[in-house]
Amino acid sequence: MADELTGKTIAFLVAQEGIEQVELTDPWKKVEEAGGRPILVAPEPGTVQAFDHLDAADTFDVDRTTADLRMDDIDGVVLPGGVANPDQLRTDGAAVSFLRDFVEAGKPVAVICHGPWTLVEAGVLEGRTITSWPSLQTDIRNAGGTWVDQEVCRDGNLVSSRNPGDLPAFTDAMVELFS
């Protein structure tokens, strides 16, 4: 897995805080190992605060703001979870609009845990099958999607997983999707 993503820029789309750290760092490392260029995108410049479940963990530097995202510059999007992260991100109009356009253009998105909340807000789950943290299943169904309880789910340009325990399978499926 050394060059599948060479020349590709993968945006990790997050809020300013509440990101489940391992759901950011494991996929980030996998993108780098596959030759891709990960960038961290958040609503505000500066840093974002990651968490290890409910405990503050590391901070990470933002590479670009959601207002500065351009679809032609991005080859794939990763939506990490953490409860607070997607709950805040779905209130950022620039992030939601970008994600809606990105998914509707058929470009690839990998999402894990609570990350699908932003897809719900973007209105792109109608007729789609996706997995997530179990507490999102009603939101996904209300958005017109079908929720499944499985390690990895692929539906067209979307790959999803349930939780950090699924990360090995998720990161492999993510690289396959982005390549």
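Which residues are linked with Arg162 in a network of salt bridges? Asp149 and Asp166 are linked with Arg162 in that network. A salt bridge here means a side-chain nitrogen of Lys or Arg within 4 Å of a carboxyl oxygen of Asp or Glu. This is a predicted model, where local features need pLDDT of at least 70, side-chain atom pairs count only at pLDDT 80 or more, and totals for chains, interfaces and linings use all residues. Residues are numbered from 1 along each chain as its sequence is written, and side-chain values use heavy atoms, with hydrogens and water left out.

**Salt bridges**
- Searching the whole structure turns up 8 salt bridges.
- Aspartate 166 pairs with arginine 162, and their closest N and O atoms sit 2.9 Å apart.
- Aspartate 166 is buried, at a relative accessible area of 3%; buried means under 20%, exposed over 50% and partly exposed in between (1.4 Å probe, protein chains only).
- Glutamate 176 bridges to arginine 154, with 4.0 Å between the closest N and O atoms.
- That pair links distant parts of the chain, 22 residues apart: glutamate 176 is in helix α6 (residues 167–178) and arginine 154 in strand β11 (residues 152–155).
- Helices (H or I, at least four residues) and strands (E, at least two) are DSSP runs, numbered from the N terminus.
- Glutamate 176 counts as exposed at 55% relative accessibility, while arginine 154 is partly exposed at 47%.
- Arginine 64 has a salt bridge to aspartate 73, the closest N and O atoms being 3.8 Å apart, and aspartate 73 is partly exposed at 38%.

**Cysteines**
- The disulfide count is 0, a disulfide being a pair of cysteine sulfur atoms within 2.5 Å.
- Cysteine 113 is in no disulfide, as its nearest cysteine sulfur, that of cysteine 153, is 15 Å away.
- Cysteine 113 is buried at 6%, and cysteine 153 is buried at 3%.

**Buried spots**
- Leucine 158, in strand β12 (residues 158–161), is buried at 2%.
- Beyond neighbours within four places in sequence, leucine 158 is in contact (heavy atoms within 4.5 Å) with Val103, Val109, Leu125, Arg128, Cys153 and Leu177.
- Threonine 66 lies in the loop between β6 (64–65) and β7 (76–79) and is buried at 3%.
- Leaving out neighbours within four places, the contacts of threonine 66 include Leu13, Val41, Asp92 and Ala95.

**Helix α1**
- In α1, buried residues include Gln21, Leu24 and Val31.
- Just after α1, glycine 35 takes a positive phi of about 90 degrees.
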